[in-house]
Amino acid sequence: MAPTDPRPLGVFDSGIGGLTVVRELMRQLPGEELVYFGDVARLPYGNKSPEGVTRFSREICSFLLAKDVKAIVVACNTASALALPALVDELPVPVVGVIESGARAAVAKTKSGRVGVIATASTVRSGAYAAAVRALAPGIEVVERACPLFVPLVEEGWIDHPVTRQVAHEYLAPLEDHRLDTLVLGCTHYPLLEGVLGRELGQGVTLIDSGRETAAAVKALLEARGLAAPAGRAPHHALYLSDLPLAFTATAERFLGRALPPVEVVPVPG
């Protein structure tokens with residue numbers, strides 16, 4: 001019989017966007033208990049220094065380790081871009097980020113060798129997705145495009161709104177000249193816009209949901225290391241925030257796609 005580990009998985013993000021990653025973890029790993037920390041009090045991470053993002057990430061990981069997690073998922077593109085190497089080196093448990101998982105899937109899916117990435121301005125500025133793709137396949141052309149308005153539109157609930165469709169057209173039209181066949185959704189908010197983006201780009205472009213790919217990578221890691229949860233149990237999840245935003249429940253349930261687990265507000269770790 002394969003070894004198992006009943007301890008929970010830790011997941012963190014700068015806010016609540018990482019709940020789209022949690023949604024995929026729940027779908028692909030239904031027996032795993034999840035402990036999520038959303039650092040709402042200090043978002044956005046995108047305008048923070050690399051040193052600041054790394055410090056915040058270390059503090060959150062210390063909090064999660066105190067909950068006896070067996071692995072940590074960095075469900076934040078900025079933290080994955082800036083802090084992941086330090087966390088992998090320093091932490092006593094496996095750490096998985098969203099960027100490498102999305103990049104690996106894009107390399108596997110593209111047939112033309114032309115990959116697009118849409119993300120927040122800070123993630124595009126970091127060049128982390130392009131670097132990850134080229135590390136796997138140096139010959140692939142990577143085109144990145146910042147789409148900052150998608151985040152507030154998603155949080156407003158304007159998932160398939162005329163304004164959102166117009167914004168998607170404005171952002172994605174310049175990518176048409178590059179004849180992409182694969183597009184990475186490089187922000188945890190963007191999977192909620194998959195329908196709008198797919199219609200705008202057409203059937204010839206494969207959309208890569210980094211959260212979905214990250215969950216698949218976590219599943220493979222747990223199975224390979226004998227860390228998967230025992231079969232047949234009903235997990236109890238926990239959701240921690242460093243602040244409680246207005247209208248939080250409705251927005252968070254939109255991201256998670258289901259009713260929320262118990263929510264607790266805790267002081268900023270550290």
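Start by selecting Glu32, which sits in the loop between H1 and strand S2 (34-38); helices (H or I, at least four residues) and strands (E, at least two) are DSSP runs, numbered from the N terminus. This is a predicted model, where local features need pLDDT of at least 70, side-chain atom pairs count only at pLDDT 80 or more, and totals for chains, interfaces and linings use all residues. Residues are numbered from 1 along each chain as its sequence is written, and side-chain values use heavy atoms, leaving out hydrogens and water.

Is Glu32 buried or exposed? Glu32 is buried, at 4% relative accessible area (buried means under 20%, with a 1.4 Å probe and protein chains only). Now show Lys70 too: its side chain and that of Glu32 are joined by a polar contact of 2.7 Å (a pair of N or O atoms within 3.5 Å, one able to donate a hydrogen and the other to accept it; residues adjacent in sequence count only if both atoms are side-chain atoms). Beyond four places in sequence, Glu32 is also in contact (heavy atoms within 4.5 Å) with others, including Arg7, Leu222 and His237.

Next, click Val21 in helix H1 (residues 19-28). Val21 is buried as well, with a relative accessible area of 1%. Leaving out residues up to four places away in sequence, Val21 touches Val73, Ala75, Val98, Thr188 and Gly211.

Last stop: helix H9 (residues 162-172), where you can pick out the buried Thr164, Val167, Ala168, Tyr171 and Leu172. They're on the same side of H9 because they cover an arc of only 115 degrees around the axis (taken from the directions from the helix axis to the C-beta atoms). Which elements do the buried residues of H9 pack against? Look for strand S5 (114-119), strand S6 (141-146), helix H8 (150-156) and helix H10 (194-201).

Conventions. Buried < 20%, exposed > 50% of the residue type's maximum accessible area, 1.4 Å probe, protein only.
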